[in-house]
Amino acid sequence: MKLRNAKVFAMGPQRFRRFIRVITLLVTAALTSVPAARAAESNMQFFQIGTGASSGTYFPIGGMLAKAISHPHGSRACEAGGSCGVPNLIGVVQSTEGSVDNIRRMASGQLPSALVQGDVAYWAHTGTWLFEDSPPVPGLRAIANLFPEAIHIVVRATSDIRTVEDLKGRKVAVGAPGSGTRVDAQFILEAYGVGFDGVEKVQLNAGRAADRLRDGELDAVFFVGGTPASAITSLAETTAIRLIPVDGAQAVRLAHRYPYLARHTIPAEAYPGVDTTQTLAVGAQWIVRADLNDETVYALTKALWHPSNRSLLDTGHPKGRLIRKQTALDRLGVPLHPGARRYYADQGLLTDDGAKASN
């Protein structure tokens, strides 16, 4: 049999020993570099952000936040034009059923953080309203209030439904189980005297509900989210729709009673062919578990508000432009996490007693 590497064996003893030493050094270097790389990778932290259905607003906003906080091993330095996220951290978006589902997953340890409506966070923290029959969830803390989520009630343009009261006896999508939409649909219907049992409830997420409304299988759809929401935009592009106002004395009383609610205007043409509509809104808030390390939360908060991420927020989604450090402390449903509090104090946004600084 002819040996392919016969030249190697034709070497003199001294040259052969040098050859072996070189090969040994190369193999050793290769073998030691693998554990080193694996060690660097082993320090990588994947950080989940619970969001909502892909047809809503939380999912794309969560994607922006995940990108803002990420700085994988080997990335260019922030100063060199690379990511300005948390070193060795990768943000991961988790699709869920929405705010209530996110709270439950956080309480059970399945999620370290999530996007949650301010009202749902407050009710969970205090053990009231939706959570009055279960123990409070004290282990929730806030990083930031992000943007307003408007309460939408969508009907076809040809519908005879003009007010919330007109929903009585109708077939209405009230949101998926575990969603903040379902919770808000309940208190809106009760506040206007319709009652949650006064409608034929259908539990669907925004995308499926919009399809059913388009097909004439529903009379109305509740949705709570930032405008424009992709599911409603897609619906309006194929079917003429209207939004039912949430206004009048009932809205005034609700906004006065609940500090996390605010009067809100959905502007004309936020959805194709839809006029300006008065409604209520609640803040979408980034919530974390209270037991997260203070340094980690400080780093997450700093990364969120790093100046280099401003263009990401401004261009990633229409609601991203409303994510501002100046409104990060507005109408929070739960207390700030100590790590976040320290960041805002460093930025002069909190006074020495922890209150929001007036600028």
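1. Buried here means under 20% relative accessible area, exposed over 50%, and partly exposed in between, with a 1.4 Å probe and protein chains only. Helices (H or I, at least four residues) and strands (E, at least two) are DSSP runs, numbered from the N terminus. This is a predicted model, so please keep in mind that local features need pLDDT of at least 70 and side-chain atom pairs count only at pLDDT 80 or more, while totals for chains, interfaces and linings use all residues. Residues are numbered from 1 along each chain as its sequence is written, and side-chain values use heavy atoms, with hydrogens and water left out.

2. I'd start with strand 6 (140-156). Of its 17 residues, 14 are buried, so strand 6 is largely enclosed by the rest of the structure. Two strands count as paired if DSSP finds at least two bridges between them. Strand 6 pairs with strand 12 in the antiparallel sense over nine bridges, and L140 sits opposite R289 of strand 12.

3. Strand 6 has other partners too. With strand 9 the pairing is antiparallel over five bridges, and H152 has F223 as its bridge partner there. With strand 10 (residues 241-243) it is antiparallel over three bridges; V155 stands opposite R242 in that strand.

4. On a 1 Å grid over the protein atoms alone, a cavity is a set of points where a 1.4 Å probe fits but cannot get out; a pocket is an open set with protein on both sides within 12 Å along at least five of seven lines, and lining residues have an atom within 4 Å of a point. Grid points are joined across faces, edges and corners, and a volume is the space filled by probe spheres set on the points. Searching the whole structure turns up two cavities of 30 Å³ or more.

5. The largest cavity holds about 270 Å³. It has 25 lining residues, with E97, S179, T181, F223 and V224 closest to its centre. Strand 9 (220-225) is among the elements giving at least two residues each, along with helix 6 and helix 7 (206-214), and strand 9 gives the most, with five. For the classes, Ala, Val, Leu, Ile, Met, Phe, Trp, Tyr, Cys and Pro count as nonpolar, Asp, Glu, Lys and Arg as charged, and the others, Gly among them, as polar. On that basis this lining has ten nonpolar, 13 polar and two charged residues.

6. The second largest cavity, about 50 Å³, is lined by V154, A206, A210, L213, V221, F223, I232 and L235. That makes eight nonpolar residues, no polar and no charged. Helix 7 supplies the largest share, three residues.

7. The largest pocket has a volume of about 220 Å³. N145, F147, P148, G283 and R331 lie nearest its centre, out of 15 lining residues. Strand 6 turns up again, with the largest share of the lining at four residues. By class, the pocket lining has nine nonpolar, three polar and three charged residues.

8. Last, have a look at G175, in the loop between strand 7 (171-173) and helix 6 (180-191). Is G175 buried or exposed? It is buried, with a relative accessible area of 4%. Taking contact as heavy atoms within 4.5 Å, G175 touches T181, R182, V202, Q203 and L204, not counting residues up to four places away in sequence. The C-alpha atoms of G175 and Q203 are separated by 5.2 Å, although the two residues are 28 apart along the chain.
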